[in-house]
Amino acid sequence: MTRLFVFFSILMLFTLRVSAQSVSPEAIESLSESLRGIDSDHPSPESIDSWFQDEEVRIGDEIGRVEKELQAFRQKIKFLETQRETLQTQLAVFAPATQSPEALDLYRDHIQPIFEKHCIECHGGGKIRSGLDLTQRQNLISGGDTSPAIVPGDAKASLLYQMVAHQTEPYMPYKEERLSEEDISRIGEWIDLGAPYPEESAAVANAEPLELQVTEADRDFWSFRPLSNPTPPETVGSGWAKTPIDRFILSRLEEKGIGPTPVAPEQKLIRRLYFDLIGLPPSPEEVQAFVEDESPDAYEKIVDQLLASPHYGERWGRHWLDLARYADSGGYEFDVERPTAYHYRDAVIKAFNEDLPYDTFLKWQLAGDEYEPGNPTAVALTGFCTSGPTISNQETEQNRYDELDDMLATTSSAMLGLTVACARCHDHKYDAIPSRDYYRLLSIFVPSERKQAFMCGLEKSIRSTSLENEWKPPLNEAKRNLDILHKPYRDEIQEEKIAALPIGATEKDLLRAPRDNENARQRHLFEMFGDTIRPRYHEISERLSEAELEENDRLREEIRGWEAKLGTLPPKALTLTDKHDEPIESYFLARGDPKNKKETIQPGFLMVLKPDNSSVWNAYAETREKTTGRRTALAEWITDPYKGAGHLAARVIVNRVWQHHLGQGLVRTPSDFGIQGQPPTHPELLDWLATKFIEDGWSLKKMHKRILMSAVYQQDSTYAESNSRVDPDNRLWWRREPLRVESDILRDSMLAVVGNLNRRMFGPGIKPRLHPDLIATGSTQKWPTLEEDGPKTWRRSIYIFIRRSVLMPLLTVFDGPDATQSCARRQTTTIPLQSLELLNDRFARQQAESFAARLEAEVGPGVEEQIDRAFRLALSRAPDEKEMQNSLSFLETQEVQYEKSESDNPTGDALVDFCQALMNLNEFVYVD
């Protein structure tokens with residue numbers, strides 16, 4: 001009876017969902033016939049179960065069909081509404097405005113002067129921001145990139161009026177004072193009178209909107225100007241300043257009448273340096289040695305030592321991988337793995353460790369295959385362009401343009417700090433970037449393609465490619481023949497397994513049918529039974545005849561032989577190259593739609609950074625033989641500080657280095673140096689750093705040292721109320737901001753402190769243990785099921801396999817990036833899940849157990865000795881007297897509790913709790 005009740009509930013739900021909508025008579029008759037099929041007097045439980053299962057599936061399909069019909073109907077309504085709005089707009093455009101003398105006088109005497117003073121510069125004076133041209137009534141009515149700007153006769157419904165009245169954002173005039181109430185009132189009155197323009201003609205009404213014109217005023221924006229190379233200012237408090245950087249900082253502090261914070265204690269400084277440069281805590285012995293070193297260059301020696309550490313590349317490579325949206329899978333529904341993508345991650349780490357000049361680093365990421373095709377690192381670095389998410393099961397023109405857009409968007413934001421991708425569908429709303437510039441840049445990537453390239457020298461790569469082409473065809477042929485041999489038995493076994501399942505006939509038919517990813521019911525069935533119905537090799541081999549078994553063994557042996565040969569070839573990496581050396585036509589797409597190609601377009605660069613003189617850099621492209629060379633031209637332009645965008649690229653990267661060392665950048669929008677971004681707090685300092693960076697040969701390690709040796713970096717984090725009243729956001733850098741370690745570094749620190757960190761570098765990504773429930777949420781097995789982690793997975797977090805659909809909770813909950821787009825600055829949230837993760841996660845408990853074992857092994861059973869050693873390992877300092885007493889009390893309380901619960905080792909369990917509590921302290925999670 002319960003099943004009948006559920007069925008009628010479903011039936012009622014179905015009736016409610018399709019009521020007041022058109023339902024076919026066939027559907028109603030089918031339901032009636034199903035009801036008549038039940039023997040209501042003597043139904044058996046089996047018949048009810050079977051009938052219920054079949055009807056549940058069938059009714060679900062019927063609901064799905066009706067919902068699709070309803071969705072199609074809604075789309076038709078939406079289309080008709082759009083058509084109606086278009087017609088209304090066209091009628092409004094061609095309908096003559098009210099040409100009353102009062103209205104025309106209002107326009108000439110008041111509206112036109114308001115527009116000319118506050119609006120025309122961006123909306124019609126050679127520049128058309130947001131697609132809105134105020135010089136033509138037709139364009140004012142049809143609107144810009146969002147919607148019509150005015151509704152003639154109705155000011156309150158007009159977007160233009162709402163913006164100038166500050167009722168709707170963005171408020172206009174943009175970033176200027178609000179218009180007077182009198183001006184706003186007159187604009188409203190003019191719109192109510194029909195918004196007439198004098199001497200309006202049909203030719204003007206039908207004129208095309210002008211494209212955005214880039215002017216010298218646009219090029220005078222602070223981030224687009226050439227580097228100024230200022231002289232460090234003179235200051236009064238010269239005793240504090242250690243480097244020219246400090247003079248820039250101190251000058252501004254003195255202007256505001258406040259002073260900097262004194263230098264941090266030595267224990268804090270060394271801990272800060274270790275986390276900033278290598279992302280690991282110093283050992284107690286390293287801290288002690290630094291504290292006791294009284295030589296004047298003790299601090300500098302630590303800086304040099306850490307910059308030379310191989311862990312430096314792991315730490316700073318992670319920052320760049322955030323920008324590059326690096327992952328080991330493609331994302332989206334299928335999230336196909338990229339097993340060779342890790343070579344890009346390894347190449348980034350090596351580049352940082354070797355202090356590869358930053359301009360070369362950028363060039364190789366865009367065109368390493370063109371610059372040095374025989375250099376594995378250069379070729380692997382082109383993985384920057386291939387790291388974005390892709391839809392792997394559909395090769396459509398739309399998906400291809402989305403992929404190219406991702407390449408351009410990431411290149412512009414990561415390297416230039418500009419949101420160029422905003423100009424895909426229309427001229428950039430804020431920055432002087434016309435859509436034409438976007439498509440000129442996009443055409444550079446159009447000839448490119450992803451390619452698996454051998455990681456070896458050029459000659460060996462050519463030889464390996466030849467051998468691969470020789471060995472792969474017979475391997476594939478052997479696999480095909482083995483599949484043909486197995487297929488009849490595989491189908492037979494699968495059919496038997498489907499037939500044996502305790503499900504209805506309709507569900508079984510869904511399992512037999514070809515996979516349809518849009519069929520939610522079928523997808524759910526495969527999640528439940530996919531592994532159960534899969535034939536195993538031993539099941540197939542048991543059914544083979546003697547002759548077939550002999551052929552099976554021969555083919556398997558042949559496959560192993562060819563695979564062994566292929567295994568001797570060098571490893572491959574996912575890279576980018578061009579399909580051939582001939583350019584491919586590229587188009588200007590109206591509104592970014594591949595189906596609406598306006599015209600062919602040639603490669604070029606951003607006019608706002610320099611007038612269009614593409615030939616300067618395209619000369620580099622002409623020397624390429626096997627590619628178009630377009631990406632080389634782009635790379636040369638981006639890194640040219642005098643004729644191209646190199647001055648901006650230098651500003652962006654030194655700002656990123658400053659940000660990671662001091663918590664905020666001099667520009668606090670690190671990937672937006674445009675109008676919508678924040679201006680630099682110290683523009684002269686930013687230019688001075690960028691100039692020195694270029695003079696030092698684009699050396700990142702020299703830039704690190706320049707910043708780390710400054711007094712502003714070495715300040716303590718002590719809070720000063722008097723300073724805070726003047727500068728509450730610390731924009732003048734009067735103290736060091738306490739910084740929480742990133743999620744990766746938190747995990748690495750736990751492993752390092754307890755002595756479990758496996759420091760092996762490079763290679764394929766590791767897959768640490770995840771909770772089985774997290775793995776089970778996918779439609780396929782996307783992560784191995786591990787009972788416990790161990791030394792193989794206790795490597796640094798940068799080596800964790802990044803699967804976009806299966807992210808590690810520990811990394812995610814502490815604000816790790818999702819790898820879907822470039823991440824310039826990780827958020828720092830504080831939520832309960834973070835504490836719960838560190839308290840309840842099996843990994844955290846496992847590390848606490850190892851921590852306790854380390855303490856017992858190193859200092860023996862002495863409780864105070866264990867506490868002292870634990871503090872020194874975890875926090876780089878000894879406990880004070882109060883902390884020692886609190887720790888002793890905690891251990892005693894926990895031991896009593898474990899004794900009451902009859903623990904086998906109450907003392908040991910209490911020590912594990914103490915170790916876990918120590919790794920939950922703010923001081924463990926925060927630097928300083």
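1. Overall make-up. The secondary structure of the protein comes to 40 helices and 6 strands. This is a predicted model. Of the 928 residues in the protein, 50% are buried. Take the contacts between residues at least 6 apart in sequence: 71% of them join residues at least 24 apart.

2. Aromatic pairs. A pair of aromatic rings is described by the distance of the centres and the angle of the planes. A search of the whole structure gives 20 aromatic pairs. One of them is formed by Tyr326 and Tyr344. Their centres are 6.2 Å apart, the planes make an angle of 40°, and the pair is tilted. Tyr326 lies in the loop between helix H14 (310-323) and helix H15 (342-353), while Tyr344 is in helix H15, so the pair ties together parts that are 18 residues apart in sequence. Tyr326 and Tyr344 are both buried.

3. A stacked pair. How are the rings of Phe605 and Trp637 arranged? Their centres are 5.0 Å apart and their planes meet at 15°, so the pair is stacked. Phe605 lies in the loop between strand S4 (597-600) and helix H26 (615-621). Trp637 is in helix H27 (residues 630-639), so this pair ties together parts that are 32 residues apart in sequence. Phe605 is buried, and Trp637 is buried too.

4. A ring cluster. Ring pairs also join several residues into a cluster. Its members are Tyr312, Trp320, Phe352, Tyr358, Phe361, Phe384, Phe693 and Trp698. Some of these names return in point 7.

5. Charges over rings. Two cases deserve a look in the viewer. The charged end of Lys350 sits over the ring of Phe762, at 5.1 Å from its centre. Arg795 lies over the face of Tyr799, and here the distance to the ring centre is 4.4 Å.

6. The largest cavity. Rolling a probe the size of a water molecule over the atoms shows where empty space is left. The structure holds 8 cavities of 30 Å³ or more. The largest has a volume of about 240 Å³. It is lined by 23 residues, and the closest to its centre are Asp744, Ile802, Leu807, Leu811 and Pro817. Which elements give two or more residues to this lining? They are H14, helix H32 (743-754) and helix H34 (809-813). H14 gives the most, with 3 residues. By type, the lining of the largest cavity divides into 12 nonpolar, 5 polar and 6 charged residues.

7. The second largest cavity. This one holds about 110 Å³ of space. Its lining includes the aromatic residues Trp316, Trp320, Phe352, Tyr358 and Phe361. Trp320, Phe352, Tyr358 and Phe361 also belong to the ring cluster of point 4.

8. The bond that joins Glu169 and Pro170 is cis, with omega about 0°. The bond between Met172 and Pro173 is cis, with omega about -5°.

9. Positive phi at Ala819. Ala819 is not a glycine, yet its phi is positive, at about 65°. Ala819 is found in the loop between H34 and helix H35 (832-840). Is Ala819 buried or exposed? Its relative accessibility is 7%, and the cut-off for buried is under 20%, so Ala819 counts as buried.

10. Positive phi at Glu902. Glu902 is a residue other than glycine with a positive phi, near 60°. Glu902 is found in the loop between helix H38 (881-900) and helix H39 (906-918). Its relative accessible area is 68%, so Glu902 is exposed. Ala819, by contrast, is buried.

Terms used:
Residues numbered from 1 in each chain as written. Predicted model: local features only at pLDDT ≥ 70, side-chain atom pairs only at ≥ 80, totals over all residues. Heavy atoms only, no water. Phe/Tyr/Trp six-rings, centres within 6.5 Å; stacked < 30°, edge-to-face > 60°. Helix = DSSP H or I, 4+ residues; strand = E, 2+ residues; numbered from the N terminus. Buried < 20%, exposed > 50% of the residue type's maximum accessible area, 1.4 Å probe, protein only. Lys NZ or Arg CZ within 6 Å of the ring centre and 35° of its normal. 1 Å grid on protein atoms, 1.4 Å probe; cavity = no way out; pocket = protein on both sides within 12 Å on 5 of 7 lines; lining within 4 Å. Points joined across faces, edges and corners; volume = space filled by probe spheres on them. Nonpolar A, V, L, I, M, F, W, Y, C, P; charged D, E, K, R; others polar. Contact = heavy atoms within 4.5 Å.
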